[in-house]
Amino acid sequence: MSDEELQELFEAGRLEKGKDSFAFQKVYDALNKEPEHHLPAGFADRIVKLLEQKQATKSGRVELVLAVVGGIFTILTLVIAVIMTNFKANLGFLNGVSSYKGVILFGFAFVILLQWLDKIVVRKKESI
Amino acid sequence: MDDRALVSQILAGNMQAFRMLIKLNERLVAHMVSKLVSNKEEHEEICQDVFLKVFDKLREFNFQSKLSTWIATIAYRHAINSLRKNRLLTRDLPEDDNLDRLFVTEETPEDILGDKDMDEYLVRLIAKLPAQYKLVLSLYHLEGLNYQEIGTITGMPEGTVKNYLFRARTLLKEKIKKHLAEPEL
């Protein structure tokens, strides 16, 4: 009996006598044994986490692109509106506030002071 | 949950369903990749890439085969490509008629006698088989896939799959036969 025929008989669950059959029995037993090739326990969780991170990065990128496109359209709309309406900037209102130079300068200095205080006191505390 | 329900849940954004898909198929993918890649770190990295690819391509799955067969096909192609990239595949893909020449062990009968039993020796012999043979044997004997399914995964004709199985088993049988005592049947 050929090896091929023997294997076919084996597959059909029919055992033949003899050394070849015995050897095939050993081979089939070894082949049907579970080898030790396992992935780590948290493998599935790791993949899902990776995918979630990937999706978050992707959506962040989409938001950035949308913001840039939105900005460009806003500027374009402004330019078109200026051209179509023949708009000219009128800075005459500055004449009215020219007599309050001290108040305006104090305002600027106060805002800068607040920013500085925020930087050295509040943000430093938060980082600790 | 059947393949259709599982896929539609994943496509609807249910990551719990994808976690389930991984758990259902990680054993199959791990076994397949292990037959082609022996390095443990590389093995895990390829398995990870396989599931990331499955997630990306899931929309393309058309239910023409079982989901596990489709995943195994991706795993096979990905592992083969990574072997090709690392130029490890050429020596591991034997021509049809030189398997015997490639599958040579330098063990003496004394080495074999040193083994605990014949099973250990067989495991070592199987590990020395060319990758494609190991893969086909594993898919058939451990995963219980039929010739057609193995053919779909590996792209081999059914006849080739059958031939690989018969030849590998015959070769293993011949190797151990001379060291076996006459059975008492």
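Predicted model: local features only at pLDDT ≥ 70, side-chain atom pairs only at ≥ 80, totals over all residues.
## The contact between chains A and B

The contact between the two chains draws 25 residues from chain A and 34 residues from chain B. On the side of chain B that touches chain A, the elements giving two or more residues are helix H2 (15-36), helix H3 (40-57), helix H7 (118-128), helix H8 (131-141) and helix H10 (158-177) of chain B. Of these, H2(B) gives the most, with 9 residues. Sorted by class, this side of chain B has 20 nonpolar, 9 charged and 5 polar residues.

## The buried face of H7(B)

Within H7(B), the residues B:Tyr121, B:Leu122, B:Leu125 and B:Ile126 are buried. When the helix is viewed down its axis, the buried residues of H7(B) fall within an arc of 140°, so they line one face of the helix. An α-helix has 3.6 residues a turn, so residues three or four places apart point the same way.

## Two residues with a positive phi

Most residues other than glycine have a negative phi. A:Asn86, although it is not a glycine, has a positive phi of about 55°, and this residue lies in the loop between helix H3 (43-85) and helix H4 (93-97) of chain A. A:Asn86 is exposed, with 6 other C-beta atoms within 10 Å.

In chain B, the residue B:Phe63 is also not a glycine, and its phi is positive, near 60°. B:Phe63 is located in the loop between H3 and helix H4 (67-85) of chain B, and it is exposed, with 10 other C-beta atoms within 10 Å.

Technical notes
Residues numbered from 1 in each chain as written. Chains lettered and ligands numbered in written order. Contact = placed C-beta atoms within 7 Å. Helix = DSSP H or I, 4+ residues; strand = E, 2+ residues; numbered from the N terminus. Nonpolar A, V, L, I, M, F, W, Y, C, P; charged D, E, K, R; others polar. Buried ≥ 20, exposed ≤ 12 C-beta atoms within 10 Å, placed from the backbone. Arc of directions from axis to C-beta.
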